[in-house]
Amino acid sequence: MARPSRLQREVGIVLARRDHGEADRVIVLLTPEQRIDVLAKGVRKTRSRKAGHLELFSKTEVLLSRVKQSWDIVSQAEAVTVRAQLQDDFSRATYARYVAELVIRFFEGETSRQLYDLVDATFERLETAAPAALLTRWFEQQLLALAGFRPEWGMCVGERDAELCREPLRPRPTDRRAYGIDAERGGALCSDCLARHRNERGVRALSPSALSWLQALQQRDYAEAASFDLPPATARELAQVMDRYIAHHLERRPSALRILDG
Ligand SMILES: [Zn+2]
């Protein structure tokens, strides 16, 4: 018989939930140290006192019974912040699901305070009037960096004569030729390298405006990035190129994107 080894208090963000057995739920929790799956027993019963404290995207203080070689069990739960807007507003809920799904797909086990703070701040901004699409694009750049997949947008990642190109990329609205995005090499291409690598897997054209936005989203903090107007055409292009870029690295599209497409 497995015995509870110890009790541990944690504050975590509920990233996802799934039903388990007759009345239980598995909760995917992001704490400042780790991403863990924990078991909340009996929370699907109407009289459960824990249920309202384990809502999707909320920040919750939980008391966990750590059981060796089994699920950690939620003994108590007390919501610190309930993100009601993210449950009631369909569009914002879908963006929140996408944010949570990216975290789940890129991270397992040990995580970092930086990731926790990023997700917490992103859900908080999603709840307010923040432009959700721009916020999501900014989040993607920050998450990829924390996950060890930081794209190189500042210099060309292409190759010529078996040497790295490394040309500094300074996109301007007057540029007449497209740049490129190369998911396999992990960054942007100068116009010459786009022409050379065009038929390779994961390579696509990128407008000067989209490239300069990718540079800004990666380098600036959110408030600064959000102070510029994102033109609708560039917003659409960024959504498409980052969708493909991320799918390339995950080898599958995040399912929340299918809802955003509709
Ligand atoms: Zn190049």
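At 8% relative accessibility, tryptophan 138 counts as buried, where buried means under 20% relative accessible area, exposed over 50% and partly exposed in between, with a 1.4 Å probe and protein chains only. The model is predicted, so that local features need pLDDT of at least 70 and side-chain atom pairs count only at pLDDT 80 or more, while totals for chains, interfaces and linings use all residues. Residues are numbered from 1 along each chain as its sequence is written, and side-chain values use heavy atoms, with hydrogens and water left out.

The protein chain contains nine helices and eleven strands, these being DSSP runs numbered from the N terminus (helices H or I, at least four residues; strands E, at least two). Of its 262 residues, 48% count as buried, and the C-alpha atoms fill a box of roughly 65 × 40 × 30 Å along the principal axes. Among contacts between residues at least 6 apart in sequence, 62% join residues at least 24 apart, a contact being heavy atoms within 4.5 Å.

A search of the whole structure finds four aromatic pairs, for which the rings of Phe, Tyr and Trp (its six-membered ring) must have centres within 6.5 Å, with planes under 30 degrees apart counted as stacked, over 60 as edge-to-face and the rest as tilted. One of these pairs, edge-to-face, is formed by tryptophan 138 and tyrosine 222, at 5.6 Å centre to centre and with 70° between the planes. Because tryptophan 138 lies in helix α4 (residues 132–146) and tyrosine 222 in helix α7 (residues 222–225), the pair ties together parts that are 84 residues apart in sequence. Tyrosine 222 is likewise buried, at 8% relative accessibility. Arginine 125 lies over the face of tryptophan 138, at 5.6 Å from the ring centre; for such a placement, NZ of Lys or CZ of Arg must be within 6 Å of the ring centre and within 35 degrees of the ring normal.

Helix α4 also packs against helix α2 (residues 90–106), and the two axes come within 11 Å and cross at roughly 5°. The axes are lines fitted to C-alpha atoms, for helices over the stretch in contact, and angles run from 0 to 180 degrees between N-to-C directions. The two helices, α2 and α4, are therefore roughly parallel to each other (angles under 35 degrees count as roughly parallel, over 145 as roughly antiparallel, 65 to 115 as roughly perpendicular and the rest as oblique). Residues of α2 that meet α4 include Tyr95, Leu102 and Phe106, and those of α4 that meet α2 include Thr136, Phe139 and Leu143.

Aspartate 24, in strand β2 (residues 24–30), is buried at 17% relative accessibility, and its side chain reaches the backbone nitrogen of glycine 42 at 2.8 Å. Such a polar contact is a pair of N or O atoms within 3.5 Å; within protein, one must be able to donate a hydrogen and the other to accept it, and residues adjacent in sequence count only if both atoms are side-chain atoms. Aspartate 24 and lysine 41 are 17 residues apart in sequence and 4.5 Å apart in space, C-alpha to C-alpha.

Serine 65, found in strand β4 (residues 59–67), is buried with a relative accessible area of 10%, and a polar contact of 2.7 Å joins its side chain to that of serine 75. Glutamine 215 is placed in helix α6 (residues 208–219) and is buried, with a relative accessible area of 13%; a polar atom of its side chain lies 3.1 Å from the backbone oxygen of leucine 169.
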